[in-house]
Amino acid sequence: MPRSTSPNPVTTEPEESIEHRIRTLLDQMTLGEKIGQLNQLQGTDGPASDELIREVRAGRVGSLLNQVDVSTLDELQRIAVEESRLGIPLLVGRDVIHGFRTILPIPLGQAATWDPDLVEAGARMAAREATSHGIRWTFAPMVDIGRDPRWGRVAECLGEDPHLASELAVAMVRGFQGRELGAPDSMAACAKHFAGYGASEAGRDYNTTNIPERELRSVHLPPFRAAVDAGVCTLMASFSDLDGIPASANRFLMTTILREEWGFDGFVVSDWESIPQLCVHGLCEDGREAALAAALAGIDMDMVGRLYEQHLSTLVADGALDEAQIDLMVSRVLRVKFRLGLFEQPYTDPSRRLATPPASHRDLAYQAAVRSAVLLKNEGELLPLAPDRFRKVAVLGPLAAEATEQLGTWIFDADPSLSVTPLEAIRELVEGEAGDGSRGEVRHVRVLETGRSRSQSEFGDAVDAARWADVALLFLGEESVLSGEAHCRADISLPGAQEALLRAVRGTGTPVVLVVLAGRPLALESVLDQVGALIMAWHPGTMAGPAIADLLFGHASPSGRLPMTLPRVTGQIPIYYAHRNTGRPPTPDSFVHIDDLPRGASQLSTGLTSYHLDTHYTPLFPFGFGLTYTSFRYRDLAVRPTETTPDGSVRVSAVVENTGTRPGIEVVQLYVRDPVASVTRPVRELKGFRRVALEPGESRAVDFELSAHSLAFPGRDMNQVVEPGRFDVWVGGSAEASLGGSFTIVDRA
Ligand code: NOJ
């Protein structure tokens, strides 16, 4: 990969001036003060402890995280600026992952919007709210590629695909960091977790990964590279190891790739105590060894581990670590502080404090929630519900009226009192202001205490309500606590008695609409035939209610598309669209299901191709899939020119037509395949996408510029290569798009 040459896109102070200020400051710093800049400590909920005050005053703290109380934060900042010898301001970080007070859909839900502009606006909104509370650094975006929905952290990621995740990573970096990093409402972003965390074995958090370097470079690194090129200020090391070397001691990642290949000049923070954990991994004997390993690898800041604080000065004194290495690490931290304008404006501005976020933030959260919902099934056009046909509405399930559970993971600063639940919004829509039943009526039964409950004691009430109703709306799925860090599942079907509830309600014959709120794709094959319509809403955030109600009753139309493949059953995982072909790919002819095996079937009777006997080899729904309230048809695919060189490009175009009777938004997707190469390549890879709004009957030609450069991959020698030969392309509405063509890359010679 070529070294990044782009200037930092978000600073206005000339870089030379910043570099000069860094050198001047470094010259004045004692070793202890330098090490202080590399030390990040946990903040406080209330007043700061005397010890913390002393440490800040002594210049032994460079950064705080989770310092939520603003007056304490300002006081600590005042001590750092006015009472420490050199007056270097603190950098205050926090997990502002999908909103601060106002909560947007979880990042995976945002990825389902396939809408970089909206995602950027969402991060901007979060930055405005968080910076008004003194937080100038967020630990987002998480750009780990998520291909195992058992892993609870897929909730925080941007999906399974490197292209989609890269586009959205850039959008989030831009949103958080703003046009001008020094503006008081901008915050430093942090691309995490570098790198490969998404490959944690068995989808179990913190687990070992096994990622060949080619896979690392092709799948896991691109979103980080995109974030670096977009000017992201910081990266966070992954908890995981890579080929036996934990990321926090991995020089190949932190220095060879990040610094030497990509030219990153911001700083890298460890994850929480991930430097001391080098001993737990079995890599280091003690804290001193761990601190040395991390510093030599290229970890600049120690998050809460306190090992830099304890050991770096003796390591320098003993000659184990060169002070020049410390200077390098400190200069990276100072560079970010200067770029943020912290020296000029260290304090929060009380006039900017957003006690209650403005209504525009809820409008944005509403838009994001609407666009993140993916309509997966809509039998007989059950949706949108016609208000005159569906006047009696049963709202059932444990997630219909849960102001907090609809927000998802990482919501430390959320204000659940801002939440509007589906029940509230549906009531308002169906019953109107009068609420006397003259317009319509809603009956609500929670049925299950939590989504995990197994008791069926209230099933009778749910069945009665469904019998009474014209339609039963079920809100099932996962509470917030079932996804996120350290919240992994071995079975990703609906928890507890939810499936039984669905069957009981279905038994009434009343049409059933299932709305799934969850932090991950769920395995829903066994319930699909129980429902007339199915919406995957993820954890939609503050405005879940109005968004879902409007989608159900046709005041908004679904436009989300799956950012991760939906498996049929957990055992199919990992299942993702950009797999390689194998030498024996399954085919409809070779596939034999276990139920169809005759007694005494011989060993060779099952087709000898790559599938499980007890489930189909396809997913339940493919990556990129999502229905709307209309239909689209694709035609006239053209590739021009049909031949290009490794530094050229082609234009791929196709016409998409709204063939239904309602307006709708299609997400037009471009996929390619390199069918023969020096290393085997994925059967399809996303290379472009565009959201297109079409009126009924309207057609639009959509074209994509596809550069040969974007087809490069790590070749046999691990260098990026564009290999001449034929490439297949498809344009359509999911990873299973069928309208295809091809072009050829010819050698320059
Ligand atoms: C651990 C998590 O892995 C990371 O994503 C988060 O930013 C830090 N803790 C700080 O809370």
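## Ground rules

Buried means under 20% relative accessible area, exposed means over 50%, and partly exposed is whatever falls in between (1.4 Å probe, protein chains only). This is a predicted model, where local features need pLDDT of at least 70 and side-chain atom pairs count only at pLDDT 80 or more, while totals for chains, interfaces and linings use all residues. Residues are numbered from 1 along each chain as its sequence is written, and side-chain values use heavy atoms, with hydrogens and water left out.

Let's start with α1, which covers residues 15-28. Helices (H or I, at least four residues) and strands (E, at least two) are DSSP runs, numbered from the N terminus. The 14 residues of α1 reach 20 Å from first C-alpha to last, close to the 20 Å expected at 1.5 Å a residue; that expected span is 1.5 Å times one less than the number of residues.

Which residues of α1 are buried? They are Ile-18, Ile-22, Leu-25 and Leu-26. These four sit on the same side of α1 because they cover an arc of only 100 degrees around the axis, taking the arc from the directions between the helix axis and the C-beta atoms. The buried residues pack against α2 (31-37) and α14 (323-339), where contact means heavy atoms within 4.5 Å.

## Salt bridges across the chain

Searching the whole structure turns up 46 salt bridges, each a side-chain nitrogen of Lys or Arg within 4 Å of a carboxyl oxygen of Asp or Glu. One of them pairs Lys-34 with Asp-327, with the closest N and O atoms 2.8 Å apart. That pair links distant parts of the chain: Lys-34 is in helix α2 and Asp-327 in helix α14, 293 residues apart. Lys-34 counts as buried at 5% relative accessibility, whereas Asp-327, at 23%, is partly exposed.

Then there's Asp-95 with Lys-192, whose closest N and O atoms are 3.4 Å apart. Asp-95 lies in the loop between β3 (91-94) and α5 (107-111) and Lys-192 in strand β5 (residues 190-194), so the pair ties together parts that are 97 residues apart in sequence. Both ends are tucked away: Asp-95 is buried at 11% relative accessibility, and Lys-192 is buried at 1%.

## A local pair and a network

Arg-306 bridges to Glu-309, the closest N and O atoms being 2.9 Å apart. Here Arg-306 is partly exposed at 26% relative accessibility, and Glu-309 is partly exposed at 23%. Elsewhere, salt bridges that share partners join Arg-57, Glu-75, Arg-78, Glu-82 and Glu-83 into one network.
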